[in-house]
Amino acid sequence: MKVLATYSIKGGVGKTATAVNLAYLAACEGYHSLLWDLDPQGAASFNFRIKSKVKGGVQGLLHREKHLDDVIKETDFTGLDLIPSDFSYRNMDLQLNDTRKPEKQIRSLIKPLSQEYDFLFLDCAPSISLVSENVFRAADVLLVPLIPTPLSMRTYKQLLRYFRKSPINNITMLPFVSMIDVRKRLHRETLNSIFYDREGVLKTMIPYASQVELMSVRQAPLGSYDRHSVPALAFEKLWKEIQTYL
Amino acid sequence: MDCATSRTYLDTYDWLVYRSGGVLETEADNAGMWITWRSHGADQIYGRYTISQIPRFVSDLKVTGFRERLKKIVDVRALLPIVIVSSRIHVFSVLNRQEKTVLRIEIQSDSNPRQSRARQKNRQVILAKRVHVFPLKGYEKTARSVCEVLQQKCNLVPVVTDPLVTLLEAIKSRPRIESKKPTVNDPDQRADAAAKSIFLQLLETMEQNEDGMRKDIDSEFLHDFRVAVRRTRSLLDQMSNVLPSPRIARFSREFAWLGKVTGPTRDMDVYLLSFDSFKLLLPSEIRADLMPLYDFLNRHKITEHKRLIKALGSEHYRTLKNDWKGYLTASPPKNTKLLHAERPVIDVIGKKTWRVYRKAIKQGTAIRPGTPETSLHQLRKTCKKLRYLNEFFQDLYPKNKVRKLINSLKVLQDNLGEFQDLVVQRISLQQFILAMEKETGLTGETRHAMELLVFRLEQRNKQVRIEFAERFEKFSSASNRKLYKQIYSTQKHSSGDDQ
């Protein structure tokens, strides 16, 4: 099982949309795919019409009163399952602190699922915390959406600095441009500097589009209702590009 | 939703999908075609996605997790249509308050089950309607309540058989899931009768695979046929003083011929099956240069297969089979001068197995880093004999102990097998270079790719040879020897000498 986390210190950059659509695309290709909504806001769960509720909350999972497999919900899309969000995830940092090897808890929780699923997507909450450290240790790939704005680039630099100071083995960081609006001059200018200054940024860019926003109205992955739209095709292209790194 | 579909159930000749607890079905309607892999009873869907045509092999499916998982079960076997049925389906989704599907219900009306795509002449067959309740993971409670309602309020009866089984019954067929491993289970049976019963089971396996070999459905038919021939030859080798020597000599010669005429086609199959792994041994930029080799192998496979069909249709083969069957089905003689023919099989086989084991130890111990490759090949052949003896007569001994012996032997055999294959592949590839040059000419790039492949195989060959020592050490361990001795060399009824 390959673990891919959509992660950014900054919020509102398209993490959830990416996780939902990539998990859906993987399932469409016949992969058994699982999405864990780690964000207490529960947007990914909402996008699949699944209640943000995990029996026993984060405490139940961390104390092994419940196994992850017990709380998995099948979505309406064949091959795609979801571990819903729970409001208790807001305290995950505190709960993790009370465990042994607090930075490896998520890795150990997902281990039993590795035979059943081909891909696990982790949709992370925006922050840099003990939960993030858990994600870094559990993930094979870190997908970092970058909006071409100075603030987004600033948080990306913070993340790079963090990795320089505390290197994590065996993780591939794949930043990509997200929610780009070519009509905006700021986006165009920042975009130039992204590709000029930085190596390893994926070629595929996800455009800012109302179809993506509609996901929260349709409560379904973009590909399931508007397969041929520009952003849906961009997500497909992104998934293909990511697969070349797996 | 209401739709008319045509469903084709697929499985391998030996029902590998069904045996693994699954069912593979393709479904086609006006909107397209899907392939679904599910559990018996459809409690669990392992995978479902769209396809453009019914796959013949797993490799015809696009590369996905579905394909990789299914490949682990069916490997290189062809997916054959086992039953085709027309169906009318009404699909209902049960939604919760969030309008999320928590349960799928399908009412299925199947008609005209048939074995092939040919139009049915008989009158229309309509099967009983079925209501399928598909629970979704995490929402099983809803499925339980709905089933209760269906049973109590609608008086529906729960069915335990999978729809596939019902359809097979309708066409008077059933899954063949019996094990095909030839064995004997009566320790007191006369040795000659026990041997003949194994030979008969092996002959049956050969006959069952003939049709698939002729039609070249997949490479496993020929493989299984050849394994049965090899097992027959191996057991014949152990039959001194159990069966008359002239018979052993004649049939050993005949089965050696059969092994020889089926060999070239199998060789081509093996190279074609290994082609992808050959490519992976080369840098990605020159992998395409190997394609002329693929075409060459395919061409020769066709020629060799024609020769094989000719051999199968020959008078020689027919006579061999008839004489062999006639001999095996004749009752054992009441009076015989053969020392072991009438003795209980457990005594005779125990001693023979122990002897083959000691021979393997002797041959293996003599192998040093500089020993010629042929010694490893000799040991490989002895190990095969030992393996077959262990397997044929495993039911006469404690199961867990024999399993242990077989497993330890397997580890050594894997190493010896890979070593020998690599030796042969290296030599063959060098011959192919010359043959391709003669037949169609060879570009510099293809020659380079093939020479690099030979080099890589040589490197791997050296590595496998190094690994041999460790594997043999485990096989010849004191505990393993103790187990062999305990099982095979302590039979009570021993009498007379083996020659």
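1. In this predicted model, the crossing of helix 10 of chain B with helix 11 of chain B is left-handed. Helix 10 of chain B covers residues 345-365 and helix 11 of chain B covers residues 373-392. Their axes come within 9 Å and cross at roughly 155°. Angles over 145 degrees count as roughly antiparallel, and therefore helix 10 of chain B and helix 11 of chain B are roughly antiparallel to each other.

2. On the side of helix 10 of chain B, the residues that make this contact include Ile349(B), Val356(B), Tyr357(B) and Ala360(B), along with Lys352(B) and Lys359(B). From helix 11 of chain B come, among them, Leu379(B), Cys383(B), Leu386(B) and Leu389(B), and also Lys385(B). By class, the residues of the contact between helix 10 of chain B and helix 11 of chain B are eight nonpolar, seven polar and three charged.

3. Chain B has two assigned domains: domain 1 spans 2-170 and domain 2 spans 191-488. The centres of domain 1 of chain B and domain 2 of chain B, taken over C-alpha atoms, are 39 Å apart.

4. Where these domains touch, four residues of domain 1 of chain B are in contact with six residues of domain 2 of chain B. The side belonging to domain 1 of chain B has three nonpolar residues, one charged residue and no polar ones.

5. Between the chains, the contact takes 16 residues from chain A and 15 residues from chain B. The side of chain A that touches chain B consists of eight charged, four polar and four nonpolar residues.

Methods: Residues numbered from 1 in each chain as written. Chains lettered and ligands numbered in written order. Predicted model: local features only at pLDDT ≥ 70, side-chain atom pairs only at ≥ 80, totals over all residues. Contact = placed C-beta atoms within 7 Å. Nonpolar A, V, L, I, M, F, W, Y, C, P; charged D, E, K, R; others polar. Domains from an automatic or database assignment. Axes fitted to C-alpha atoms, helices over the stretch in contact; angles between N-to-C directions. Helix = DSSP H or I, 4+ residues; strand = E, 2+ residues; numbered from the N terminus. Parallel < 35°, antiparallel > 145°, perpendicular 65-115°, else oblique. Left-handed = near helix turned anticlockwise from the far one by under 90°.
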